Amino acid sequence: MNLIEIDGAALPEITTYRVTLSDADGPNSGRAENAVMTRDRVRANITKIELGWKNMTTAQMSEIIDRVTPEEFSVNYFFGTMRSAKMYAGDKTIELKILEEGGESRWDVSANLVEY
């Protein structure tokens, strides 16, 4: 089973997979002078998925970045069961781990996928 697919395609094997659920509050939310919170929640459980890959080849790193570069994409992901959402990529981090002279470089890659 693939934990995640972007536009129907599996990604290289993931080493980090973390789901965060967030709420969005409307403009009437905030604290009064007496510090009492008034909350106007307009949406609950917006999904963010933090993904990480270790020791990727240059070709694998490029494939990952290419998949998460479009403005939006369809994501099937595991969260107890398989779910689907339209998402975009937030921050992406690419770290060069090994630069071998005449050999294959290795990369650690991470990306955050955020639900629209």
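User: What makes strands β6 and β9 a pair in this model?

Analyst: In this predicted model, seven bridges join strand β6, residues 41-56, to β9, and the two run antiparallel. Two strands pair if at least two bridges are found between them, and the seven bridges between β6 and β9 therefore make them a pair. As an example at the residue level, K48 has V114 in β9 as its bridge partner.

User: Where do β6 and β9 stand in the sheet, and what is the order of its strands?

Analyst: The sheet is open and has seven strands, in the order β2-β1-β7-β8-β9-β6-β3, with antiparallel pairing. In that order, β6 stands between β9 and β3.

User: Why are β2 and β3 called edge strands?

Analyst: Strand β2 (9-10) and strand β3 each pair on one side only.

User: Why is N112 called buried?

Analyst: N112 has a relative accessibility of 19%. Buried means under 20%, so N112 counts as buried. This residue lies in strand β9, residues 106-115. Leaving aside neighbours within four places in sequence, N112 is in contact with K48, I49, E50, Y88, A89, G90 and D91.

User: How do you know that L21 is neither buried nor exposed?

Analyst: The relative accessible area of L21 is 38%. Buried requires a value under 20% and exposed a value over 50%; 38% lies in between, so L21 is partly exposed. L21 is found in strand β3, residues 16-25. Its contacts, leaving aside neighbours within four places in sequence, are N45, I46, T47 and F79. M37 is 16 residues apart from L21 in sequence and 21 Å apart in space, C-alpha to C-alpha.

User: What makes the phi of N45 and of N55 worth noting?

Analyst: Most residues other than glycine have a negative phi. N45 is not a glycine, yet its phi is positive, about 60°. N55, also a residue other than glycine, has a positive phi near 55°.

User: Why are N45 and N55 called partly exposed?

Analyst: The relative accessibility of N45 is 45%, and that of N55 is 42%. Partly exposed covers values between the 20% limit for buried and the 50% limit for exposed, so both asparagines are partly exposed.

User: How do you know that the buried residues of helix α1 lie on the same side?

Analyst: The buried residues of α1, residues 58-67, are M61, I64 and I65. They cover an arc of only 95° around the axis, which puts them on the same side of the helix. A59 and D66, on the other side of α1, are exposed.

User: Which strands do the buried residues of α1 pack against?

Analyst: The buried residues of α1 pack against β6, β8 and β9.

User: Which residues line the largest pocket nearest its centre, and which elements contribute to the lining?

Analyst: The largest pocket has a volume of about 200 Å³. Its lining has 17 residues, with L51, G52, V109, S110 and A111 nearest the centre. The elements that give two or more residues to this lining are β3, β6, β8 (81-98) and β9.

Definitions and conventions
Residues are numbered from 1 along each chain as its sequence is written. This is a predicted model: local features need pLDDT of at least 70, side-chain atom pairs count only at pLDDT 80 or more; totals for chains, interfaces and linings use all residues. Side-chain values use heavy atoms; hydrogens and water are left out. Helices (H or I, at least four residues) and strands (E, at least two) are DSSP runs, numbered from the N terminus. Buried means under 20% relative accessible area, exposed over 50%, partly exposed in between (1.4 Å probe, protein chains only). Contact means heavy atoms within 4.5 Å. On a 1 Å grid over the protein atoms alone, a cavity is a set of points where a 1.4 Å probe fits but cannot get out, and a pocket is an open set with protein on both sides within 12 Å along at least five of seven lines; lining residues have an atom within 4 Å of a point. Grid points are joined across faces, edges and corners, and a volume is the space filled by probe spheres set on the points. The arc is that of the directions from the helix axis to the C-beta atoms.
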